[in-house]
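Thanks, everyone. Let me put the model up, and then we'll walk through it.

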Amino acid sequence: MNAASQFQFAYTWVLGFLAFLPLLAYLRGHWGKEAAIQYSSLGLLGPLAQSRKVQPGGWLSALRFLALACFIVALARPQKLDSSTQVRESGIDMMLAIDLSPSMQALDYHKDGQEISRVDVVRETVGQFIKDRPTDRIGMVAFAGEAYLMSPLTLDHDWLQQNVERLQVGLAGDATAIGSAIATCANRLRDQPAKSKIIVLLTDGQNNAGKITPLAAAEAAQALGIKIYTIGAGSSDVAKFPMRDAFGRIFYTTIPVDMDEPALKKIASITNGKFFRAADYDSLKNVYAEINKLETSQVDVKHFQHIKEYFTLALYPGLLFLGLEVFLGYTRWRRVP
């Protein structure tokens, strides 16, 4: 259930009349009413003009204009709109498997002319992918030498995004256990009632750890009705890689790209999924965008709205100002007709 509140006016255009009040006050002050009594000379009124009754007359006019302003605001109908969206069924459960082996520190991606590591790009693109699927239950597994559950399947995508920001090399050890990652994801999906169950696996290497082979894990996933999309990240030759010397200083060397592309293609093929190659920053963004288009979900969504009116908060002060103006007009502040 997602809820949101906002303050609004039902008739915003009515507020435009507020702009005419200063002009009305100006014209009234300069022209005023037509005289009730005609004099050939105004000299007789000189003492009256110097009396204190002139200032109360100004206050009475001010009360009238304040009342009129409040009535205009009340006519515009200020209100608070509370809306909520209830998602009954997303139709898709998805686990994201992210490689965090040391080679993910390689600087073979470029953004805005600057070198950027594979893991930094993954955090950005995975974060956007999650934003684009607000109605799906998504979980996440990080893997290197072993598979580590970062998040179970959840609709709380704010919390999931926090875990995406925690992705960093070294979180799950060294080496690359692709089979273990697939098995961990499949285990989280196996008992779910969703119509479509998916694993999106991203890696830049080849399986060299774990007790289960990637192909055996893929066959088990296929038997459970789980589809796997595989993504091969990184350049196709060698990559720039940061290292530290004995004094802790960073220097750079090149490492070969040892991705097992045939195995990733086979994993996708076994489960009726698809393999993607992401050799640069833009292509990795496009991969997740394409998966987003391939896996669309039919969502049962209900919208609710509740409107609370607040026009009385302007109406009552307006009546008060008007009442004061009338009352004071019959006291010692009474004006000469």
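In what order do the 6 strands of the open sheet run? Reading across, the order is 7-6-3-8-9-12. Pairing in this sheet is mixed. At the edges sit strand 7 (147-154) and strand 12 (274-278), and each of them pairs on one side only. From one strand to the next, the twist averages 15 degrees.

One caution before I go on: this is a predicted model.

Strand 3, residues 92-99, and strand 6, residues 137-143, run parallel. They are joined by 7 bridges. For a landmark, find Met 94: its bridge partner in strand 6 is Ile 138.

Helix 5, residues 157-165, lies across strand 6 and strand 7. Against strand 7, helix 5 runs at about 160 degrees.

Let's step back to the whole chain. The protein has 10 helices and 13 strands. It counts 337 residues, and 37% of them are buried. Look at contacts with a separation of 6 or more: 79% of them come from residues 24 or more positions apart.

Last, the surface. Pick out Leu 23, which is placed in helix 1, residues 20-31.

Key: Residues are numbered from 1 along each chain as its sequence is written. This is a predicted model: local features need pLDDT of at least 70, side-chain atom pairs count only at pLDDT 80 or more; totals for chains, interfaces and linings use all residues. Side-chain values use heavy atoms; hydrogens and water are left out. Helices (H or I, at least four residues) and strands (E, at least two) are DSSP runs, numbered from the N terminus. Two strands pair if DSSP finds at least two bridges between them. Axes are lines fitted to C-alpha atoms, for helices over the stretch in contact, and angles run from 0 to 180 degrees between N-to-C directions. Contact means heavy atoms within 4.5 Å. Buried means under 20% relative accessible area, exposed over 50%, partly exposed in between (1.4 Å probe, protein chains only).
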